[in-house]
Amino acid sequence: MAVDRRGFLKFVAGATTGVLATPVPWKLLDDASIWTQNWSWIPRNVDGENSYISTISKLCPSAAGMKIRLVGNRPVRALPDDNHPLSMGGITALAAAEVQLMYSPSRVKRPLKHSGDGAYVAISWEEAEKILKENLRRAGSKIAYVSGDETGTINELLSGMAKESGSEDFYVMPSEVQPAARAFAAMNGNGQLGYDIENSDYVLALGANILESWGTVLRNRAAFKQSHPAAEKPTVKYVYAGPVQSNTAAGADEWLPAKSGTEAIVALGIANLLIKAGASVNAPDFAEFKALAAQFTPQKVASLTGVTPAKLKAIAVELSKAERPLVLTGSEFGQGTGVATVLAGTAVNMLLGSFGREGGVKALPLAPKVIASGMDRSEIADKDLVAYLSRISAGKVPAPRAMVFYEANPVYGLPQPAAMAKVMDKVPFKVAFTSFLDETAQACDLILPTPLGLERFDDVETPYGIGQAFYALARPVAPCAVDGKPAADVLLNVASQLNMDLGFATYEEVLQAKAEAAGADWDSLMEGEFFTSDAVAEQSGLRLGAAVMGKALAAAPKAAKLSIAPVQKLNIGTPNTAIPPYNNKTIRRWELQKNEMYVAMNGATARELGVVKHDRIKLTNSSGSIQARVNIFEGVMPNTIAVLMGFGHTAFDEFSKGKGENVMELLTVGYEAGTGQSVWNVAGVNVSKA
Amino acid sequence: METKEFTIKWGMAIDLDKCTGCGACMVACQAENNLAPIADASNKIKVMNWITVYELSNGKPYPEHDVAYLPRPCQQCGHPPCVSVCPVIATDKNEEGGIVSQVTPRCIGCRYCMAACPYHARYFNWRDPVWPGGLEKALTPDVSVRPRGVVEKCTFCHHRWMAAKDKAIVEGRDPMDLPEGEYVTSCTEACPNGAITFGDLNNEEHEVAKLASSKYAHRLLERLGADTQVYYVSRREWVLRQLDNYLEDEKVKG
């Protein structure tokens, strides 16, 4: 049948009418609009009554004071606490994320056992405690404990357990604390060095990243806030000396470029100028110190540190003109400093008359230990974890049969982590008490989830950097979000089964005893109050530690032709937290792109190396190598490469894992002459195009 | 176009000499306003941030180099370019306080406002927000979670103003006469350096009003005439110069 034109048009018209008359197209259109708009589930707001609980952060190294906002029984925000001396109305980028970290995807949700084939097997707490007890019994005295907590009484418990089993191997992860404590001990000092930054009228930070990560940073920043009224001339001058124009340098009134690891030399250069101007200290080794400082002429300091003689002289004059000057020392990445650095800085403070003066350095009394067999802070400061692991690595001491890690992540956070991981392999049984599935936990046989600081009772005693004796409790604001148990309770239980006599049955009793020893009132601590005391520790026969400084500086490593300067930023987290979920948005564009990190150097250095921005380079030295892209940032000293810490996690979750590489791979451990303290604040590097 | 005047004009003065770029404001903002985290946050075009901290450089080589950080919330323009282009009045400047609103349920996702905003302060939800691992348990009840397909931006934590007003009414006080500091944004509250000052620009007693009249106070792209309610303060000439497009030989006030 032929279809003519009329027939075809009739058919089309009929078909069109027919289709339009049926509901099919309308139904399809309707469905299409519904299904394309049918959004996947997104959460809805859950209302409830607001309440606030004051507590203190155990996760942020600043020991931030904070108010936790709860809606119903849900914690939702970590807020600053205006009335807390360790917040003073501010919060760090890390502490601000603490509530969200309760629900981090990388939290360990239940006790895990590493099976023979490498898989994790969920086990009950009963089984976990049984495995722990058996292995600790089997290890006997061949056991080591590593803690990642600097301020908690749990260190007395862990060291007490070590000693009760006949081991001296208790260590705390390295930080600014150990060199400072050892320095003060070398000075014949009693107590802990404290810094009255609030009352100072001139602040010189030698390497110490005081506005980002050093010490009780929120207190430092509150002092900065007070002394820098908006749109007005600052009332206190802040000077930062370091190799990189870091966040601290950005806030400071003057950045004094100084090579990484040369803080002690800058301090001695200043001391020399002060002594020449008539300053002196009533110390038995002042003459020796004077002779040592005299070696550090402005010209010599300039050649070693990069600080010009004119600048050094200007700083010395400004310091001597100030009424309450304060010198703070440290490393721009919060670890790896030598004892001599703190000694040199403290010596300058003494020359300026700032020791024991308002706005200067104080000796803070520490509460006596409450667990008789435990170690106190000065004993702990003498225990050098990096040195211990290096000795095992070199075969000088045998590996322990068991290692207990408490909220410590040495496999990621120590220099030369690959070497540290190899040491771990030599240990037959390893257990991690941790909140997150970190690199160390992954290398352990048993992983025991601990509640976060917001979910347990814990304490903070006089953190390093603070200007007065301090004690406060961290209190649980919500039930533990996972099947976790406080490590202290688990360990006390196991200790009693192993017939160790620690003197306490529960951790709450330990904390009560500690609070009493500190002079604090338990009931008010339980209500979120804190204890502070302006008492100072009595000193007699204080020395400058000239002999120690002399030995250390005589053998100090020379700066390499091209060196790296690690930079710490709290927003990128710590080895224990990695990058919290909300915080990776704070990483700048040319710090990380997808999974590639950027390292920064100035234009002249880049030209010398023959690289331009975005070039892929490989940084190599005897310790290891990392790959990165080049960012040009003129706030870096010549022949220096600034590398951010906090990248290169191989554990945790999608917010951290596989992003960039770990700068610790490039840090080479050395030992300070005279003190034996492990140091890693000077590292040379070679650069090649990748 | 005339600027709509209000009895209260909430504003901010950010001291760029005090900001060290730590990012606490950004984290506090996300937690307060229920922004979702993102695994790869390096693509800054796709990342949602109601406040972003930019790095400024004086452009000089070492050792003359200087650095500053500029936190950028919504500038809450006096006559906002975004409002005039919105076809559905999802964004408006019509409420006492002078905060540019963003009614996400009304937004149709056309993104004209994003094109119009000279400050890149608006963000589009390309995907549904995801809070992995139970992170949604930490959401606040104050700010609705936004689905994909809508634009969002900083609201000066408008919910906090509503709460402060409610509290004043319950306590028998005048909600239009809040004491300074009773209502502040989450970023202001978080900043440990006190770089952000928040308050009523129309109240001469408020610190922010005093700072806004300082010779060191400038606004971002001021000469566009958007009459923004966010002021930037710096005693450094090079910093102020970067806040607008100046000719080389042109003098900058301050």
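Trainee: Where is A:Ile626 found?
Mentor: In strand S24 of chain A, residues 625–632. Keep in mind that this is a predicted model.

Trainee: Is A:Ile626 buried or exposed?
Mentor: Buried. A:Ile626 has 24 C-beta neighbours inside 10 Å, and the cut-off for buried is 20 or more.

Trainee: What is A:Ile626 in contact with, leaving aside neighbours within four places in sequence?
Mentor: A:Leu619, A:Glu661, A:Val663, A:Glu665 and A:Leu666.

Trainee: Next, A:Gly648. Where is its place?
Mentor: In the loop between strand S25 (640–644) and strand S26 (670–671) of chain A.

Trainee: Buried or exposed, that A:Gly648?
Mentor: A:Gly648 counts as buried, because 22 C-beta neighbours lie inside 10 Å. Setting aside neighbours within four places in sequence, its contacts are A:Gly660, A:Glu661 and A:Asn662.

Trainee: How are A:Gly648 and A:Gly658 separated?
Mentor: By 10 residues along the chain, and by 5.6 Å between C-alpha atoms.

Trainee: Switching to the core. Which residues of the largest nonpolar core touch the most other members?
Mentor: A:Ala96, A:Ile270, A:Leu343, A:Val599 and B:Val233. That core holds 307 residues. In soluble globular proteins, nonpolar side chains tend to be buried together.

Trainee: Pick A:Val599. What is it in contact with, leaving aside neighbours within four places in sequence?
Mentor: A:Leu619, A:Ala628, A:Val630, A:Asn631, A:Ile641, A:Ala642 and A:Val643.

Trainee: Helices now. Which residues of H22(A) are buried?
Mentor: Helix H22 of chain A covers residues 546–554, and the buried ones are A:Ala546, A:Val548, A:Met549, A:Ala552 and A:Leu553. Their arc around the axis is only 160 degrees, so they sit on the same side of H22(A).

Trainee: What do those buried residues of H22(A) pack against?
Mentor: Four helices of chain A: H6 (177–186), H9 (263–276), H10 (286–294) and H13 (339–351).

Trainee: And H15(A), which residues are buried there?
Mentor: A:Leu385, A:Val386, A:Leu389 and A:Ser390, in a helix that runs over 385–393. The arc is only 130 degrees, which puts them on the same side of H15(A).

Trainee: What covers the buried residues of H15(A)?
Mentor: The cover includes strand S6 (143–147), S7, helix H16 (410–413), helix H17 (417–425) and strand S27 (678–679) of chain A. Just after H15(A), look at A:Gly395: its phi is positive, about 80 degrees.

Trainee: What's the strand order in the open sheet of 7 strands in chain A?
Mentor: S5-S4-S16-S15-S14-S6-S7, with mixed pairing. S5 (120–122) and S7 (170–172) of chain A are at the edges with a single partner strand each, so one side of each lacks a neighbour in the sheet. On average, neighbouring strands of this sheet are turned by 20 degrees against each other, direction ignored.

Trainee: How do S14 and S15 of chain A run?
Mentor: Parallel, joined by 5 bridges. A:Met403 has A:Lys430 in S15(A) as its bridge partner.

Trainee: How many residues of S10(A) are buried?
Mentor: 6 of its 6, over residues 237–242. A:Lys237, A:Val239 and A:Ala241 point one way from S10(A), while A:Tyr238, A:Tyr240 and A:Gly242 point the other way. S10(A) pairs with strand S9 (202–206) of chain A, parallel, over 5 bridges. There, A:Leu204 is the bridge partner of A:Val239.

Trainee: Last topic. How many residues of chain A are in contact with chain B?
Mentor: 68, meeting 63 residues of chain B. S3(A) gives the most to that side of chain A, with 6 residues. By class, the side of chain A that touches chain B has 35 nonpolar, 20 polar and 13 charged residues.

Note on methods. Residues are numbered from 1 along each chain as its sequence is written. Chains are lettered from A and ligands numbered from 1 in the order in which they are written. This is a predicted model: local features need pLDDT of at least 70, side-chain atom pairs count only at pLDDT 80 or more; totals for chains, interfaces and linings use all residues. Two residues are in contact if their C-beta atoms, placed from the backbone, lie within 7 Å. Helices (H or I, at least four residues) and strands (E, at least two) are DSSP runs, numbered from the N terminus. Ala, Val, Leu, Ile, Met, Phe, Trp, Tyr, Cys and Pro count as nonpolar, Asp, Glu, Lys and Arg as charged, and the others, Gly among them, as polar. Two strands pair if DSSP finds at least two bridges between them. Axes are lines fitted to C-alpha atoms, for helices over the stretch in contact, and angles run from 0 to 180 degrees between N-to-C directions. A residue is buried if 20 or more other C-beta atoms lie within 10 Å of its own, exposed if 12 or fewer, and partly exposed in between; C-beta atoms are placed from the backbone. The arc is that of the directions from the helix axis to the C-beta atoms. A nonpolar core is a set of buried Ala, Val, Leu, Ile, Met, Phe, Trp, Tyr and Cys residues joined through C-beta atoms within 7 Å.
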